[in-house]
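Please consider the sequence and coordinates shown here.

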Amino acid sequence: MKESFVQQLRFHCQGLAHAPRNGNRSRSDANPYFKRDRRTREVFLKFGMHRLYLINALGFQAAWWACVASVGQGLEVAALIFCTAFACAHLFYVQHPWQEVKLASGVLVMGIAIDTLLQYFSVIHFYGWSLGALSPFWLWALWVMFAMTLNVSLAFLKVRPLLVSALVGLIFGPLSYYAGTKLGAASFEISVIHVSVLAFTWMLALPAMVLMAQKIANTK
């Protein structure tokens, strides 16, 4: 049974803590990073957690750039392959992969509905391969990638009031769409109405996704 990255770190820390104290120096004793005190073990584990959060956040940013930049370059297939590989790696290392699959599925359905409606009502127009009137496939991949940050790099939102998630969505939701238009992946008229619709949509969507993550995490 595979262990998550965090579980492996905890295992190594516990192993170091119970190493023999006699005169026979083991390989771990000879390691200059080997320490027995509790504070050092906690720092080591905390460093591993921070590294995991950083990899998760950077992975999402890389996926965002790959998907958005691929639209105008004819590289959407390559971007989708990259996102699929990152998603598989994520599921391999997380402790509860099935919960991540359920969360990603729920967020994907929500995301397709949001972007399709935004496009239908001419709030924004997306470029790229799509299935009929639905939003493009590269946006589907981004919703899945975003879902995989909710329990890692964005996990802090689950222990904060939903107002925090609403404010984050209100500010960064429209900015994300605006950045996509600047890179040629979409187009929309910068008006008070359109920006307000994007802001209001994400002000509701992000707390809903956080609630979904909380609910799925509490299921057995």
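The structure is a predicted model. Its protein chain contains 8 helices and 2 strands. Read from the N terminus, these elements follow the order α-α-α-α-α-β-α-α-β-α. Of the 220 residues in the protein chain, 38% count as buried.

Across the whole structure, a search identifies 9 aromatic pairs. In one of them, F92 and Y93, the ring centres are 5.1 Å apart and the planes stand at 85°, which makes the pair edge-to-face, since planes over 60 degrees apart are assigned to that class. F92 has a relative accessibility of 44% and therefore counts as partly exposed. Y93 falls in the category of partly exposed residues as well, because its relative accessibility is 42%.

Another edge-to-face pair joins F146 and W202, with 5.7 Å from centre to centre and 85° between the planes. This pair connects distant parts of the chain: F146 belongs to helix 6 (residues 137-147), W202 belongs to helix 8 (residues 192-217), and the two are 56 residues apart. Are these two residues, F146 and W202, buried or exposed? Both F146 and W202 are buried.

The contacts extend beyond that pair, for ring pairs link F60, W143, F146 and W202 into a cluster.

Attention now turns to a charged side chain. E76 is found in helix 4, which covers residues 76-93. This residue is buried yet has no salt bridge. Which side chain of opposite charge is nearest to E76, and how far away is it? The nearest one is K182, at a distance of 21 Å, whereas a salt bridge requires the charged atoms to lie within 4 Å. A polar atom of the E76 side chain does, however, lie 3.1 Å from the backbone nitrogen of W129.

Two loop residues come next. S122 is situated in the loop between helix 5 (97-120) and strand 1 (125-126). The phi angle of S122 is near 60°, a positive value in a residue other than glycine. S122 counts as exposed because its relative accessibility is 53%. The other loop residue, G184, lies between helix 7 and strand 2 (186-187). With a relative accessible area of 33%, G184 is partly exposed. G184 and Q73 are 111 residues apart in sequence, while their C-alpha atoms are 9.7 Å apart in space.

The last topic is the surface. Which residues form a nonpolar patch there? The patch consists of L163, L167, L170, I171, F172 and L175, and together these residues have about 590 Å² of accessible area. One of its members, F172, is placed in helix 7 (residues 162-182). F172 has a relative accessibility of 53%, and it therefore counts as exposed.

In summary, the aromatic cluster of F60, W143, F146 and W202 is linked by ring pairs, and F146 and W202 within it are buried. E76 is likewise buried and has no salt bridge. On the surface, by contrast, a nonpolar patch includes F172.

How values were computed:
Residues numbered from 1 in each chain as written. Predicted model: local features only at pLDDT ≥ 70, side-chain atom pairs only at ≥ 80, totals over all residues. Heavy atoms only, no water. Patch = residues over 30% accessible without salt bridge, like charges linked within 9 Å, V, L, I, M, F, W, Y side chains within 5 Å. Areas by Shrake-Rupley, 256 points an atom, 1.4 Å probe, with all protein chains shown as cover. Helix = DSSP H or I, 4+ residues; strand = E, 2+ residues; numbered from the N terminus. Buried < 20%, exposed > 50% of the residue type's maximum accessible area, 1.4 Å probe, protein only. Phe/Tyr/Trp six-rings, centres within 6.5 Å; stacked < 30°, edge-to-face > 60°. Lys, Arg positive; Asp, Glu negative; His and termini not counted. Polar contact = N/O pair within 3.5 Å; in protein donor to acceptor, adjacent residues only side chain to side chain.
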